[in-house]
Amino acid sequence: MNKEYRKELLSAAIEACIKAGKEILDVYQSDDFNVQLKSDDSPLTLADQRAHNAIVSVLNQFEIPILSEEGTHLPYDERKNWQACWIVDPLDGTKEFIKRNDEFTVNVALVIDGKAVAGVIYVPVYKQLYFADELLGSFRCDGVENEINVLDKLIAEAAQLPLDQDRSTIKVVGSRSHMNEETRLFIESLKDNGNEVDLVTKGSSLKLCLIAEGAADVYPRYAPTMEWDIAAGHAIVSAAGGFVKQLDSDKDLEYNKADLLNPWFICKR
């Protein structure tokens, strides 16, 4: 894929995320979430379904298969032949959505040969847009409500990540819904080395956005995540100069695997 085509794909991913964000807010501002339970007991709302449909309506113009949390998951025997694919979470942080704490996102990643090379994360309530491509860099733009057709204009208006930060403490970002003993021990190990440590809790892929911004230093994940939870944020972090690696390994997380469950990982600047 040449650079111009990659820019076209990134523009489409941004359009898809903003469209999905509008669908999500329409449900969020109503009284009918229509919450159901999926086979793994995780919640599914009307917003998840409407966001999925909005994203697919945009991305279907390309001959690139879509692997979405709310779509049909083809067997690996078919997926293993995909050189490129979209990995999509139409509503990341459904539990946060149901709790009405505003910390939910729309995630779209472009994966080539198992690597997340581009990603978009949109935060509907705050109208914040994070986007990246390894060929362009990583960016954040605030106050984005409408689809942007000219990517170069959006990049010119955006802040390039990471942002300048000035602090003396180590900021560890953790999950608002999945804090556990392993994470607490990780934090204690940093303190044992004489570091002053602050813990920041966030829901959904906002944790990865904090690392990309430089607002936090490290995100250890000792709990299950699926590929669609992490792929877009991985691309944004990587393009900002950070990494997302398997715990106790130098190996990056990979995508479109036989098992869509991620190993435990550490995200760091």
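Me: How many salt bridges does a search of the whole structure find?
Reply: This is a predicted model: local features need pLDDT of at least 70, side-chain atom pairs count only at pLDDT 80 or more, and totals for chains, interfaces and linings use all residues. Numbering runs from 1 along each chain as its sequence is written, and side-chain values use heavy atoms, leaving out hydrogens and water. A salt bridge puts a side-chain nitrogen of Lys or Arg within 4 Å of a carboxyl oxygen of Asp or Glu. The search of the whole structure returns 19.

Me: Which residue forms a salt bridge with aspartate 217?
Reply: Side chains of opposite charge can pair when their charged atoms come close. For aspartate 217, the closest N and O atoms are 2.8 Å apart, and the partner is arginine 167. The pair joins distant parts of the chain, 50 residues apart. Aspartate 217 sits in the loop between α7 (206-213) and β12 (218-221), and the loop between β9 and β10 holds its partner, arginine 167.

Me: How far apart do the C-alpha centres of domain 1 and domain 2 lie?
Reply: The bounds come from an automatic or database domain assignment. They give domain 1 (3-160) and domain 2 (170-268). The C-alpha centres of the two lie apart by 20 Å.

Me: What area is buried between domain 1 and domain 2?
Reply: Contact here means heavy atoms within 4.5 Å; 40 residues of domain 1 touch 28 residues of domain 2 in this way. Buried area is the accessible area (1.4 Å probe) that two parts lose on being put together, summed over both. Carbon and sulfur atoms give 61% of the total, which is about 2500 Å².

Me: Which element gives the largest share of the side of domain 1 that touches domain 2?
Reply: Helices (H or I, at least four residues) and strands (E, at least two) are DSSP runs, numbered from the N terminus. Elements that each supply at least two residues of this side include β4 (84-92), β5 (105-112) and β6 (115-123). The largest share, seven residues, comes from β6.

Me: What is the largest C-alpha distance among Asp89, Asp92 and Asp229?
Reply: UniProt (unreviewed entry) annotates these three as "binding site"; such annotations may be inferred rather than shown by experiment. Aspartate 89 is in strand β4.

Me: What phi does aspartate 102 have?
Reply: Most residues other than glycine have a negative phi. Aspartate 102 lies in the loop between α4 and β5. Although not a glycine, aspartate 102 has a positive phi of about 75°.

Me: Which residues are in contact with glycine 114, leaving aside its neighbours within four places in sequence?
Reply: Glycine 114 is in the loop between β5 and β6. Tryptophan 82 is 32 residues away in sequence, with a C-alpha to C-alpha distance of 9.2 Å. With those neighbours set aside, the contacts of glycine 114 are Leu253, Glu254 and Tyr255.
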